[in-house]
Amino acid sequence: MGVPDDLELFEQMCFLRHFEERADSLYRQGLIHGPVHLGLGQEAVAVGAASVLRPGDYSLGTYRGHAHALARGAPADAVLAELLGREGGICGGKGGSMHITSVEHGYYGSYAIVGAHLPVACGLAWAARIRRTGQVTVCFFGDGATNIGAFHEAVNLAAVWRLPVVFVCENNWYMEYTPIGDVIPVALPAADRAAAYGLDRIVVDGNDVAAVREVVGDAVRAARDGHGPSLVEAQTYRLKGHSAADGGAYRPAEEVARWRERDPLLRTRATLTAEGTAAGKLDEIDARIKADLAELARQVLARPAPDPAGAWTDVWSDGSWQWRN
Amino acid sequence: MAELTYRQAVAAALAQEMARDDRVVLLGEDVASGGVFKTTGGLRERFGADRVWDTPISEQAIAGAAMGAAMAGLRPVAEIMFADFYATCWDQVANEIAKVRYMTGGQVSLPLVLRGANGSGGLGFGSQHGQSVENWAMTVPGLKIASPAGPAEAFGLLAAAIRDDDPVVVFEHKALYGRKEAMPDTGPDGEHVLPLGQARTVRAGRDVTLVGLSITVGTCLAAADELAAEGIEAEVIDLRTLVPLDAAAVLSSVARTGRLVVAEENPGQLGWGASIAAIAAQEAFGDLAAPVTRVSGGNVPLPVAASLEAEVDVSVSRIAGAVRGVLGASRPLSSTG
Ligand SMILES: Cc1ncc(C[n+]2csc(CCOP(=O)(O)OP(=O)(O)O)c2C)c(N)n1
Ligand SMILES: [Mg+2]
């Protein structure tokens, strides 16, 4: 399978951008029950990393994980139905925005307890190692997650067991409302901790999808070739608040403006036009995707809510829930 | 005192206690800027950076540091943002904080408070942010447990928890933070403190005792209103704290009504309601005209989609239905001796 080219990556990022813009607007219309965390502005990390994975590889993400799931191929209608509490949700309506999972696409879940999934990523990678399948696991998490014990236990275990796992820290410089610099004693949350686990210090511009593809690609190759784990810090920025309910007022306007100029979509667009792609073609792609997603939202909204009886399934492997006779 | 929302009541109780006792210090994620539920607003500005500390996302460090600071004589109040996150620092809470006084033969005191947002309330927070977990804490002797049902309780119970010399876990309900009410008259010193271990009769009634905690107190009251229209008079008791438990309040009510329905938001397979029911079965057997009945959250993890969530959450209609069932199943008391 070939690695997707810049135009394909642009399309994918464009898709995530419009998906999340749509989700944001649906949330603001009161159509989404429960919290929603948007990764607007961070698309290049999910897309760049997914572009170097093979179908059987594993990945895991966070509650800010629509992009992590969609970039692996999770169907947009099922993800949207999950957000909107409609029939056909990818987790049957049981997970919601924070807990998207698509096992079929190797996406083993969005985790909403910060750091919980790093040890889980170790387990997936360990199984691949034991069975010598050549599968690689990629685990996304935030800068704030580097302060929880599970991060340190997982990275240590992965290093000691030489597990085929790539930890990708999406450093968007904030844990909720607190600048990450206020709660770490080093400059960079992941990169400056790597040495403690005998790993290389790897930093990548997380708003440059080609750079992410290259750097994560190297790490994935190393993992696949039996050289053990990597810890990659992808520096990026969320263009909106921590959750869709947060206006993000704690961030200086100049800072937001500076990062807006480094929007991954603008950057890829500039690369593509410089390489000779007509701007009009990119505009067409953008407009088509936007219209497709508007139509998708209409279709999903027209579906009924999940049958309440569905609440009483899936506790046990036989589909039932009873705990006593 | 003025009208306060539940979240303002939390902040006001913290302010009252911080002003009264400079050993009271706060720590937690984003607490300096007011916290994600806006329960610590203005405290950093008023009391300074030495009293209000932002932490990394490190629940073990938060709970453990609260313990150490309490050992050293401070009275820390640690925010665990969502009560579900107790699972990430359960060693500190269940193995260390709950046990250290006992294990040291009484040498060590831990006058600390752990507090944060608990419960479902139909907000779509799901399996990892929407659980009601008072029952987790209740399995561990050594932890006191308060779960306020309204702003006055949120204020008074938190103040009492801070003054208490033992560890107290305060479960605030995230769906109640916006609720507003007038604070009752304060004590002679102008302070508002409610004793731990004293239930409150929220509504008097002769036919059935409804016992609730936190959000289910309101659900019980709404059910009582619905039943009143049918001529059924329900007494509603707010337990306010699970440990210490005001069992006497429940038993004396049951002695009058002869019927008991307990409403708890957590799954019923091991909820606090089971302990209430067992106490009633054992100590009020002769008073009971009908089986004790529990209404609880479904025995499933909490789903997010509104149609599924409503299916498993405790509701007015389920409580009212349980009461009708209890009345229908009643036997004449004279035959039970
Ligand atoms: C164990 C735990 N503690 C606290 C939280 C509340 N919380 C949710 S997201 C978040 C900030 C995470 O920041 P970061 O890891 O940088 O990821 P980002 O949200 O920026 O993508 C916090 C504190 C949580 N979900 N889990
Ligand atoms: Mg972050």
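A residue is near a molecule if one of its heavy atoms lies within 4 Å of it. The model is predicted: local features need pLDDT of at least 70, side-chain atom pairs count only at pLDDT 80 or more, and totals for chains, interfaces and linings use all residues. Residues are numbered from 1 along each chain as its sequence is written, chains are lettered from A and ligands numbered from 1 in the order in which they are written, and side-chain values use heavy atoms, with hydrogens and water left out.

**Exercise 1. Describe the shell around ligand 1.**

Step 1. Count the shell. Ligand 1 is surrounded by 21 residues. The closest are A:Tyr63, A:Arg64, A:Ala112, A:Gly144 and B:Glu59.

Step 2. Sort by class. Ala, Val, Leu, Ile, Met, Phe, Trp, Tyr, Cys and Pro count as nonpolar, Asp, Glu, Lys and Arg as charged, and the others, Gly among them, as polar. The shell around ligand 1 holds eleven nonpolar, five polar and five charged residues.

**Exercise 2. Find polar atoms of chain A beside ligand 1, and state how much of the ligand is buried.**

Step 1. Take the nitrogen atoms. One is 3.0 Å from a polar backbone atom of A:Val114. A polar side-chain atom of A:Glu176 lies 3.2 Å from a nitrogen atom of ligand 1.

Step 2. Take oxygen. A polar side-chain atom of A:Asp143 is 2.9 Å from an oxygen atom of the ligand.

Step 3. Turn to area (Shrake-Rupley method, 1.4 Å probe). Alone, ligand 1 exposes 580 Å², and the protein buries 98% of that.

**Exercise 3. Characterise the largest pocket.**

Step 1. On a 1 Å grid over the protein atoms alone, a pocket is an open set with protein on both sides within 12 Å along at least five of seven lines; lining residues have an atom within 4 Å of a point.

Step 2. Give the volume, the space filled by probe spheres set on the points. For the largest pocket this is about 920 Å³.

Step 3. List the lining. It has 50 residues; nearest the centre are A:His37, A:Glu176, A:His242, A:Ser243 and B:Phe82. The elements giving two or more residues are β3 (137-142) and β5 (174-175) of chain A, with β4 (75-82) of chain B. The strands are DSSP runs (E, at least two residues), numbered from the N terminus. By class, the lining divides into 25 nonpolar, 14 polar and eleven charged residues.

Step 4. Locate the ligand. Ligand 1 sits in this pocket (more than half of its atoms lie within 2 Å of the grid points).

Notes. A polar contact is a pair of N or O atoms within 3.5 Å; within protein, one must be able to donate a hydrogen and the other to accept it, and residues adjacent in sequence count only if both atoms are side-chain atoms. On a 1 Å grid over the protein atoms alone, a cavity is a set of points where a 1.4 Å probe fits but cannot get out, and a pocket is an open set with protein on both sides within 12 Å along at least five of seven lines; lining residues have an atom within 4 Å of a point. Helices (H or I, at least four residues) and strands (E, at least two) are DSSP runs, numbered from the N terminus.
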